[in-house]
Amino acid sequence: MTAQTDSPELRATVATACRVLAANGLVEGILGHVSARVADDELVVRCRGEDERGLRRTHPGEVWRVSLDGAAVDVPDGFTAPSELPIHTELMRARPDVGAVVHAHPPAALLAGLAGLEPRPVFGAYNIPAMRLAFDGVPVFPRPVLITRRELAAEMVDAMAGADVCLLRGHGITVAAPTVESAVVAAINLNVLLEVTVQLARLGARPPAVAARDLAELPDLGSAFNDRMTWQALVAELGEA
Ligand SMILES: [Zn+2]
């Protein structure tokens, strides 16, 4: 089971993750959330308080601990967990490998989903992890509902069929990973893939898939080391913005 130690540092990382997602256009306003599993049946998650100022200004004091059943562990009065908490809890309940979840509403996901566009592996070295997401296939959860109940989230988990990413048609994306850092990097790569998919459709272009012999030349960059470097760069960009 993949869990991280609940610490001020981990809660700060969850808060930073929200700001990185906002800075990269994956979330806007108050919609979207990030969580990290801290025990078999507990997670810390970005909550909303009375002084809510949007994801872009998330601070560690907005990250609180809840159980997989949605019960507050240390959530203070005035704060509430996201109504779509089941997205996080049901993925963690179903999959011991999931240590973190990102849920966001990027515009490219909305357009690709509504237009019925299927992301295809048409580029290579431009962004190899994004190409691999397309190569593996991006599962679609077809219902545009707010995922506020366990049974709806279980349908989403079924639609994912073990994949780490999901396009929620008419809604957004869900990304699961072992760590917050890798979940954010994967979410940003998925967004790149969806943006390219939408732009190609706008251009009326349908390039061929990357040839097998070129695919064989592309290294697998999906390592924790690579995710960490990318995360560090994203956080550094945040500081300069
Ligand atoms: Zn949502």
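**Close-up views of a predicted model**

W64 is buried, with a relative accessible area of 19%, where buried means under 20% relative accessible area, exposed over 50% and partly exposed in between (1.4 Å probe, protein chains only). The model is predicted, so local features need pLDDT of at least 70 and side-chain atom pairs count only at pLDDT 80 or more, while totals for chains, interfaces and linings use all residues. Residues are numbered from 1 along each chain as its sequence is written, and side-chain values use heavy atoms, with hydrogens and water left out.

**View A. The tilted ring pair of W64 and F79.** Two aromatic pairs are found in a search of the whole structure; rings of Phe, Tyr and Trp (its six-membered ring) pair if their centres lie within 6.5 Å, with planes under 30 degrees apart counted as stacked, over 60 as edge-to-face and the rest as tilted. The ring centres of W64 and F79 are 5.7 Å apart and the planes stand at 55°, so this pair is tilted. Because W64 belongs to strand β3 (residues 63–67) and F79 to the loop between β3 and α2 (85–94), the pair ties together parts that are 15 residues apart in sequence; helices (H or I, at least four residues) and strands (E, at least two) are DSSP runs, numbered from the N terminus. F79, at 23% relative accessibility, counts as partly exposed.

**View B. The edge-to-face pair of F123 and Y126.** With ring centres 5.6 Å apart and planes at 90°, F123 and Y126 form an edge-to-face pair. F123 counts as buried at 11% relative accessibility, whereas Y126 counts as exposed at 64%.

**View C. The contact of α6 with α8.** Helix α6 (residues 180–203) packs against helix α8 (residues 224–240) at an angle of about 80°, with the axes 9 Å apart, the axes being lines fitted to C-alpha atoms over the stretch in contact and the angles running from 0 to 180 degrees between N-to-C directions. That makes α6 roughly perpendicular to α8, a term for angles of 65 to 115 degrees. The contact (heavy atoms within 4.5 Å) is made by E181, S182, V184, V185 and I188 of α6 and by D227, R228, T230, W231 and L234 of α8.

Terms used
Parallel < 35°, antiparallel > 145°, perpendicular 65-115°, else oblique.
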